[in-house]
Amino acid sequence: MSEGYVYVDFGAVRIQQYLTRTPGLRGHRAASNSLARATADAAIQEVVEGLAEVNPEAGKADGVVSLRFPMEAGDEREGRVRRLQDLVFAHLRKALPGAEFHSIWGAGESYLAVHARILQPKVRHGQVRHDLPPAAEFPLAVPCRMCHTDPAVGVEPLPDGSQMLCLDCSMRNVTRRQTVADDRSPEGRLLRGIGLAPAPDEFTDLAALGSKASGRNHLATVAVDGNAFGVFFKALADEGSRDEELRTAKTEISCALSDATRAALETATLELPLTVEREQLCVVPHVVGGDDVLVSLPADQAWWFTLTFLEEFGRLVREATAEVLDKLNKLRAGQPGLPELEPPTASAGVVFAHVRHPLNLLAESAGQRLSEAKRVFGGRQASVQWLDLTADGPEAPAHLPLALSVLRSEGRGQTPAAVALSRLVKVPASHRARLTEALRGGGPLTAAAIADRVGHLDAIRPFIPPSPRHDQPPAAGIGLGAALGLARWWPCA
């Protein structure tokens with residue numbers, strides 16, 4: 001009789017960097033589609049038939065596979081796990097030649113407990129089995145002309161002429177029809193969910209959807225990740241060992257949180273002013289899995305999208321976890337040293353750049369901004385950090401991240417900071433650039449003096465500390481430097 005299960009998880013390592021390693025949008029779409037097809041339940045079940053089943057206790061996330069088999073007495077677990085890993089790695093390698101994968105496993109009565117107590121610690125300590133792309137056998141081989149990462153293996157036709165491509169880029173070199181048609185991919189699922197015309201074929205065409213004032217040559221890259229999900233699920237695992245109802249709630253909640261991510265993406269996309277105007281998909285999702293999201297969209301739409309996503313995601317998660325959180329907090333109330341749990345939220349990193357800037361570098365920078373936002377707020381509330389590469393360069397921004405509550409109130413409401421930013425946007429861009437230089441050279445008082453001379457003092461007053469000693473925060477809760485940076489792409493917010 002089974003006493004539990006052996007759980008075997010697989011994941012793509014640094015998936016965002018892998019998907020964005022080619023410069024063109026077509027290659028990103030093709031890689032996303034291949035990842036979705038390769039990790040689909042039906043495809044994996046066919047590969048491991050007889051050895052394991054797709055784990056129904058795990059949530060859904062792009063690039064992640066979770067399997068399980070009964071923990072029978074006398075069963076040679078390690079040998080069976082090894083055979084499973086060999087089969088799945090071979091399947092994934094064939095579909096995604098240039099990706100890196102890893103696998104971990106553990107045994108127990110429930111996936112929730114095994115994941116919290118065995119699998120996550122193994123990942124933290126590097127106790128995983130890796131599967132790496134094959135190394136180049138001939139170091140002087142011609143590099144791939146698309147990704148410049150792996151050696152080329154053959155010549156293939158491209159829209160701008162034939163080029164020598166590696167195995168992975170050859171997989172990505174498919175027609176537009178093939179890349180959009182697969183509704184298992186992030187973009188395909190989003191299109192199916194909202195029913196709009198497809199997004200443009202190229203990044204330049206996507207940027208051109210922006211307003212005339214935006215220059216129509218800049219994109220925003222937005223990375224989103226959940227806050228405090230690990231704390232929440234660890235508490236659920238700890239208390240679930242004593243409460244059957246909580247133990248069985250994990251699967252339902254995992255699915256609900258995954259659904260919240262996709263629903264928030266749909267809402268944020270549909271409510272974009274540009275979407276309403278064009279009735280076309282204006283957001284290209286690269287990664288959508290669990291609570292992890294990476295998208296590209298026209299730069300002047302980024303703030304509306306990001307704030308709407310974070311707000312909607314938080315609302316849906318609060319609804320999905322309310323009952324379980326209430327029960328968890330009641331059980332934890334009598335235990336010393338355990339703080340009350342809050343509903344998980346999400347934070348975002350936003351990077352603005354010229355359309356020609358490599359997406360792999362943008363994804364890396366957006367991830368860094370996301371980490372800054374989570375670190376400053378300790379993952380305790382929804383927050384956002386941003387960087388404008390064109391205006392400020394590639395270094396870490398001087399301004400601190402902001403809490404979502406500073407920029408957006410519940411129900412899409414306007415905060416004092418948002419009202420003040422909308423007023424600041426009306427100051428001509430040339431004057432805002434002059435104020436930025438004055439602020440850098442002489443501080444807020446110098447900038448205020450210049451603004452007063454040209455009649456814009458009222459527009460910047462909410463962002464200037466009321467005391468010359470700067471020992472009190474500005475009325476808007478945002479410093480002038482951060483506000484001037486926000487205003488560059490604020491029109492749609």
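Cys166 is buried, with a relative accessible area of 1%; buried stands for under 20% relative accessible area and exposed for over 50%, with a 1.4 Å probe and protein chains only. Cys282 is also buried, at 0%.

The model is predicted: local features need pLDDT of at least 70, side-chain atom pairs count only at pLDDT 80 or more, and totals for chains, interfaces and linings use all residues. Residues are numbered from 1 along each chain as its sequence is written, and side-chain values use heavy atoms, with hydrogens and water left out.

A disulfide is counted when a pair of cysteine sulfur atoms lies within 2.5 Å, and by this rule the count is zero. For Cys166, the nearest cysteine sulfur belongs to Cys169 and is 3.7 Å away.

Helix α19 spans residues 444–453, and Pro444, Ala447, Ala448, Ile450 and Ala451 are buried in it. These residues sit on the same side of α19 because they cover an arc of only 165 degrees around the axis, taken from the directions from the helix axis to the C-beta atoms. Helices here are DSSP runs of H or I with at least four residues, and strands are runs of E with at least two, numbered from the N terminus. The face turned away from the buried side of α19 carries the exposed residues Leu445, Asp452 and Arg453. Among the elements that cover the buried residues of α19 are α18 (429–442), α20 (457–460) and α21 (480–487), with contact set at heavy atoms within 4.5 Å. Just after α19, Gly455 has a positive phi of about 85 degrees.

The structure holds one cavity of 30 Å³ or more. On a 1 Å grid over the protein atoms alone, a cavity is a set of points where a 1.4 Å probe fits but cannot get out; a pocket is an open set with protein on both sides within 12 Å along at least five of seven lines, and lining residues have an atom within 4 Å of a point. Volumes are the space filled by probe spheres set on the points.

| Space | Volume | Lining by class |
|---|---|---|
| Largest cavity | about 40 Å³ | five nonpolar, two polar, one charged |
| Second largest pocket | about 410 Å³ | nine nonpolar, five polar, six charged |

The residues lining the largest cavity are Ile15, Leu19, Ser32, Leu35, Asp62, Pro186, His286 and Val287. The second largest pocket has 20 lining residues, and Ala429, Arg432, Ala487, Arg488 and Trp489 lie nearest its centre. Helix α18 gives the largest share of this pocket's lining, six residues.

Definitions and conventions. Ala, Val, Leu, Ile, Met, Phe, Trp, Tyr, Cys and Pro count as nonpolar, Asp, Glu, Lys and Arg as charged, and the others, Gly among them, as polar.
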